[in-house]
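Q: I'd like to learn how to read cores and charged pairs in a model. Can you walk me through one?

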Amino acid sequence: MTPSVVTAATSTIGRTWPIAEPDALSEIEGRAAHVPDMKTAFGPRAGWSAMKAATLGIAQADRNRSVVPLYTLDQDIRLPDGKLLYAKGYSFNPLAYVSLPQRLIVVRPRDLAWALRTARPADFILLAAGAAKDADAMTLGERHGRALFLLEERVKARLGLTVAPVIIAQAGQKLVLTEVVMPPNQRRAAR
């Protein structure tokens with residue numbers, strides 16, 4: 001069999017008009033050119049309230065503990081027709097309905113190198129507050145090519161976190177928190 005060449009012809013059926021809308025990419029580039037520089041508009045990142053991580057102590061002993069992350073409704077949940085579905089005060093465990101496919105690794109910036117070696121690709125690394133000289137999470141994330149997140153006070157309180165480093169993983173319908181003591185020779189801040 002010999003290969004055959006197929007050529008397609010195009011036809012215009014009906015009336016046509018030239019495209020009147022501007023190019024979407026040109027629109028985005030044009031608007032992005034007028035966005036103010038974040039540093040100029042808001043000052044250095046070190047002063048941004050959104051960049052303030054929760055503080056944690058340093059783990060003094062290897063320890064495992066578990067947390068059942070019960071959630072209690074602070075208001076009634078009603079269906080569109082007004083029928084009460086769940087009353088205020090109802091408590092449930094979200095892990096009974098969803099699973100946490102990744103671990104959370106919480107460290108101070110000085111233990112980031114350990115976290116980067118320990119973390120699996122899908123794990124989330126959360127940074128607790130560090131020393132004043134430590135780079136911020138965005139800078140460290142850009143430097144290491146990995147998304148890093150700030151440990152928020154509400155997450156700290158919800159999980160009862162007091163020290164770092166800690167690895168948080170789901171086991172059934174609870175979270176297992178593994179607090180890790182870092183040997184002094186591994187305590188090098190990731191630059």
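Q: Let's start with a single side chain: is Arg-63 buried, partly exposed or exposed?

A: Keep in mind that this is a predicted model. Arg-63 comes out at 40% relative accessibility, so it counts as partly exposed.

Q: Which residue does Arg-63 form a salt bridge with, and how far apart are the closest N and O atoms?

A: For a pair like this, look for a side-chain nitrogen of Lys or Arg within 4 Å of a carboxyl oxygen of Asp or Glu. Here the partner of Arg-63 is Glu-179, and their closest N and O atoms are 2.9 Å apart. Arg-63 sits in strand 2 (residues 63-67) and Glu-179 in strand 12, so the bridge ties together parts that are 116 residues apart in sequence.

Q: And Glu-179, is that one buried or exposed?

A: Glu-179 has a relative accessible area of 5%, so it is buried.

Q: What about Arg-154: which residue is its salt-bridge partner?

A: That would be Glu-152, with 2.7 Å between the closest N and O atoms. Apply the accessibility cut-offs again: Arg-154 is at 62%, so it counts as exposed, while Glu-152 is partly exposed at 37%.

Q: On to the nonpolar side. How many residues does the largest nonpolar core have?

A: Think of a core as buried nonpolar residues joined through side-chain atoms. The largest one has 16 residues, and Leu-56, Val-106, Leu-151, Leu-161, Ile-168 and Leu-177 have the most contacts inside it. Strand 7 (104-107), strand 11 (166-171) and strand 12 (174-179) each supply at least two of its residues. There's also a second, separate core of 14 residues, which includes Ile-105, Ala-119, Leu-127 and Val-180.

Q: Which residues does Leu-56 touch?

A: Leaving out residues up to four places away in sequence, its contacts include Val-106, Ala-128, Leu-151, Leu-161 and Val-163. Arg-108 and Lys-156 are also among the residues Leu-56 touches.

How values were computed: Residues are numbered from 1 along each chain as its sequence is written. This is a predicted model: local features need pLDDT of at least 70, side-chain atom pairs count only at pLDDT 80 or more; totals for chains, interfaces and linings use all residues. Side-chain values use heavy atoms; hydrogens and water are left out. A nonpolar core is a set of buried Ala, Val, Leu, Ile, Met, Phe, Trp, Tyr and Cys residues joined through side-chain atoms within 4.5 Å. Buried means under 20% relative accessible area, exposed over 50%, partly exposed in between (1.4 Å probe, protein chains only). Helices (H or I, at least four residues) and strands (E, at least two) are DSSP runs, numbered from the N terminus. Contact means heavy atoms within 4.5 Å.
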